[in-house]
Amino acid sequence: MTKAGSKGGNLRDKLDGNELDLSLSDLNEVPVKELAALPKATILDLSCNKLSSLPSDFCGLTHLVKLDLSKNKLQHLPADFGRLVNLQHLDLLNNRLVTLPVSFAQLKNLKWLDLKDNPLDPVLAKVAGDCLDEKQCKQCANKVLQHMKAVQADQERERQRQLEVEREAEKKREAKQRAKEAQERELRKREKAEEKERRRKEYDALKASKREQEKKPKKEANQAPKSKSGSRPRKPPPRKHTRSWAVLKLLLPLLLLCVAGGLVACRVTALQQQPLCTSVNTIYDNAVQGLRRHEILQWVLQTDSQQ
């Protein structure tokens, strides 16, 4: 049998007023759901069973005032056992408990407690003492509550200390992160400034190079001779065929002299009847007639004829 009622019985049949007796039921599991449906059962007897643990939802049975868990195999109580705030009487005789949950300190209404025959921690065992009569059991409840409150306070202080340590560590991490970010910003700022300086130097070098290139034509212009009017110097005439012009200048007077001599010979000598002179005289006459048609040359010719 694992649960009460598995043999066909009903928990309501075992309810006597506000007391529910499930002792000696060979239970190895608590029927929490069935118990929750009986809020009138403020006294619950689960002694002399095979319970090795209590489920977490057992702590939801806050209507319990008296609870007997003696002579089971409980090795520990649920961490939130302190939710049973209405509990006044608790019997944990002859189990396998070593410690109690810290939430035990919340059982402010606990007036009676028996922890005999458990392998308790020596400190807890010394605090609990014996529970051989009503007075000792009441003292056990009071002393254990005070002890668990002190343990709870110590744990709270330790928790606060741990939180403070974590906060300090977090502050250090944040400060370290801020310092790292500031260092990275400074590095980026320095790199940006260096890049800007490099571009500025490149710009200045390019500008200086352009100025040098612009100065070269000016220097060449300044070295060239200038005319009186300030205009650009004329280019020197091309020197091609210089020797040909010199020879032509020497031969031209001789050529003209020969032509003039031939013309005179053909006009005034007996050679004028020769075929060659006839052609020369015809060309000369035609040229003179053509020149006479021009008014200015005609005047010149008239002046020449008068002379």
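This is a predicted model: local features need pLDDT of at least 70, side-chain atom pairs count only at pLDDT 80 or more; totals for chains, interfaces and linings use all residues.
Trainee: What is a salt bridge, and how many does the structure hold?

Mentor: The term denotes a side-chain nitrogen of Lys or Arg within 4 Å of a carboxyl oxygen of Asp or Glu. The structure holds 13 salt bridges. One of them joins arginine 167 to glutamate 164, with the closest N and O atoms 2.7 Å apart.

Trainee: Where do arginine 167 and glutamate 164 lie?

Mentor: Helices (H or I, at least four residues) and strands (E, at least two) are DSSP runs, numbered from the N terminus. Both residues belong to helix α4 (residues 134-223), and they are three residues apart, about one turn of the helix.

Trainee: How is the accessibility of arginine 167 classed?

Mentor: Buried means under 20% relative accessible area, exposed means over 50%, and partly exposed lies in between (1.4 Å probe, protein chains only). Arginine 167 has 41% relative accessibility and therefore counts as partly exposed. Glutamate 164, at 35%, is likewise partly exposed.

Trainee: Which salt bridge involves glutamate 202?

Mentor: Glutamate 202 meets arginine 198 through their side chains, at 2.5 Å from N to O. These two residues are separated by about one helical turn because they are four residues apart in helix α4. Glutamate 202 is partly exposed at 45%, as is arginine 198 at 38%. Furthermore, Glu195, Arg198, Arg199 and Glu202 are linked in a network of salt bridges.

Trainee: Is asparagine 118 buried or exposed?

Mentor: Asparagine 118 is found in the loop between β6 (112-114) and α3 (122-128). Its relative accessibility is 13%, so asparagine 118 counts as buried.

Trainee: Which backbone nitrogen does the side chain of asparagine 118 reach at 3.2 Å?

Mentor: A polar contact is a pair of N or O atoms within 3.5 Å; within protein, one must be able to donate a hydrogen and the other to accept it, and residues adjacent in sequence count only if both atoms are side-chain atoms. The side chain of asparagine 118 reaches the backbone nitrogen of asparagine 95 at that distance. A polar atom of this side chain also lies 3.3 Å from the backbone nitrogen of arginine 96.

Methods. Residues are numbered from 1 along each chain as its sequence is written. Side-chain values use heavy atoms; hydrogens and water are left out.
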